[in-house]
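Hi everyone, thanks for coming. Let me put the model up on the screen, and then we can walk through it together.

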Amino acid sequence: MVDALTSVLNWVALGAALWALVLVVLLRPPLPGRPDGWAYLGLLVLLELGLLAQAVVGFVNLATTDRDVEALTFGGYLLGALLVLPIAVFWALAERTRWGIAVLVIGCLVVPVLNLRLDQVWAAVPGV
Amino acid sequence: MSDPRPDAHPAAESGARPDAHPASESAPRLDAHPGSESGLRPEAHPAPEASSRPDEHPSAESDPGPGARLALEPDPHTPSHPTPEPAPSAEPHGQARPGLRAATRSGPGRLLIAVYALFALAACARSAVQLGTHFDRAPLAYLLSALAAVVYVVATVGLVRGSAASRRVAVVSCTVELVGVVAVGAFSLLDPAAFPDATVWSLFGRGYGFVPLVLPVLGLLWIRRSAAIAGAH
């Protein structure tokens, strides 16, 4: 769909997942108030902004394409991708344990999966 | 973050009931790392910890917030506490164990609930699309999708609430889920024609990395385990 932006977002999300994995090992939740905490949360904010841009572009593409795209599914993935990170951060930071930080790993890994499905829906690959 | 630690006050001297519930975000997890972190928590409290609090499950007593617990069941093992604590929380004090809700929601439960919520969201969205746009294409598969979505939502809510009753609901829904994923998985393998379009449970959840097959097992195990944690001390 928006190939360049989407793949950048995927790589950033994978990087953020890896970073969160390191934080799991170090048992160091990315709390606001510490430089590294701000850095990590800032990265997630950037990622979220990127996803927002992707959603805007995606909806514009959806509205202007003359191909037959499953609009509801496509829009669902675009919007669903926006929900994942905020909810994951909220749920993760409520508990400053390894398990809490691990929620961030999962949340970040979900983003590429959603983007993959987004591309599949756009290309009209039959759904899994 | 500079909350007055409710457990630091002399009530602990009453002896029989050491405070296991700091009642707020300031549970010991980070403070367990002496010398870390920027002085965010001046109350790095090895001393009260060592002297009066037998809890060794720091992770199990965390809680998303004081407000979140207010509506919850008071622990039946705790004698009621007529005098309000000076703490900014209505948490009933004096339990030596994490409490069912905290035990259910923390530690591995936190990750489990996150994955459950993810599946609830995904299954609901998918089911809504299927039912709303092309229900007649594969009614059986789509009804099963809707059932799966409902089951995931119920299980998620049951785990998040973490009361005795809601945990029983979660047990039922995890069991339904397990039966469903096995039955639909087998059925979709034997008679693919009945499932022209996929559900979450088709082929044992292969389209979702077999997570739908593993999730109910983990859910049931965790419900057992967290009951043990809550009742352990």
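Now some housekeeping. This is a predicted model, so local features need pLDDT of at least 70 and side-chain atom pairs count only at pLDDT 80 or more, while totals for chains, interfaces and linings use all residues. Residues are numbered from 1 along each chain as its sequence is written, chains are lettered from A and ligands numbered from 1 in the order in which they are written, and side-chain values use heavy atoms, with hydrogens and water left out.

First example: Arg161(B). Because its relative accessibility is 47%, Arg161(B) counts as partly exposed. You'll find Arg161(B) in helix H4 of chain B. When I say helix, I mean a DSSP run of H or I with at least four residues; strands are runs of E with at least two, and both are numbered from the N terminus. Although Arg161(B) and Arg101(B) are 60 residues apart along the chain, their C-alpha atoms are separated by 6.8 Å.

On to chain A. How many helices and strands does chain A have? There are four helices and zero strands, so to speak an α-α-α-α run from the N terminus on. Chain A has 128 residues, and 49% of them count as buried. A contact here means heavy atoms within 4.5 Å. Take the contacts in chain A between residues at least 6 apart in sequence: 74% of them join residues at least 24 apart.

Now the inside. A nonpolar core is a set of buried Ala, Val, Leu, Ile, Met, Phe, Trp, Tyr and Cys residues joined through side-chain atoms within 4.5 Å. The largest one here has 66 residues, and those with the most contacts inside it are Tyr40(A), Phe74(A), Tyr116(B) and Tyr152(B). Helices H1 (3-26), H2 (35-64), H3 (71-93) and H4 (98-122) of chain A, along with H3 (108-134), H4 (139-161), H5 (164-190) and H6 (211-232) of chain B, each supply at least two residues of this core. The largest share, twelve residues, comes from H4(A). As a general point, nonpolar side chains tend to be buried together in soluble globular proteins.

Let's zoom in on Tyr116(B). Not counting residues up to four places away in sequence, Tyr116(B) touches several residues, including Tyr152(B), Cys174(B), Leu215(B) and Pro216(B).

Chain B also has a loop I'd like to show you, between H5 and H6, where Phe204(B) lies. Phe204(B) is partly exposed because its relative accessibility is 24%. Leaving aside neighbours within four places in sequence, the contacts of Phe204(B) include Val181(B), Leu189(B), Phe210(B) and Leu213(B). Gly185(B) is another of those contacts, and the C-alpha atoms of Phe204(B) and Gly185(B) are separated by 4.2 Å.

In that loop between H5 and H6 we also find Leu203(B), with a phi near 50°, a positive value in a residue other than glycine. Leu27(A), in the loop between H1 and H2 of chain A, likewise has a positive phi near 50°. For background, most residues other than glycine have a negative phi.

Finally, charges. A salt bridge is a side-chain nitrogen of Lys or Arg within 4 Å of a carboxyl oxygen of Asp or Glu. The structure holds three of them over all chains. Asp36(A) pairs with Arg28(A), the closest N and O atoms being 2.5 Å apart, and also with Arg34(A), at 3.8 Å. Arg34(A) counts as buried because its relative accessible area is 1%.

Which residue of chain B does Glu95(A) meet in a salt bridge? The partner is Arg110(B), at 3.3 Å from N to O. This pair crosses between chains, from the loop between H3 and H4 of chain A to helix H3 of chain B. Glu95(A) is buried, with a relative accessible area of 1%, and Arg110(B) is buried too, at 0%. Back in chain A, salt bridges that share partners join Arg28(A), Arg34(A) and Asp36(A) into one network.

That's my tour, and I'm happy to take questions.

Terms used:
Buried < 20%, exposed > 50% of the residue type's maximum accessible area, 1.4 Å probe, protein only.
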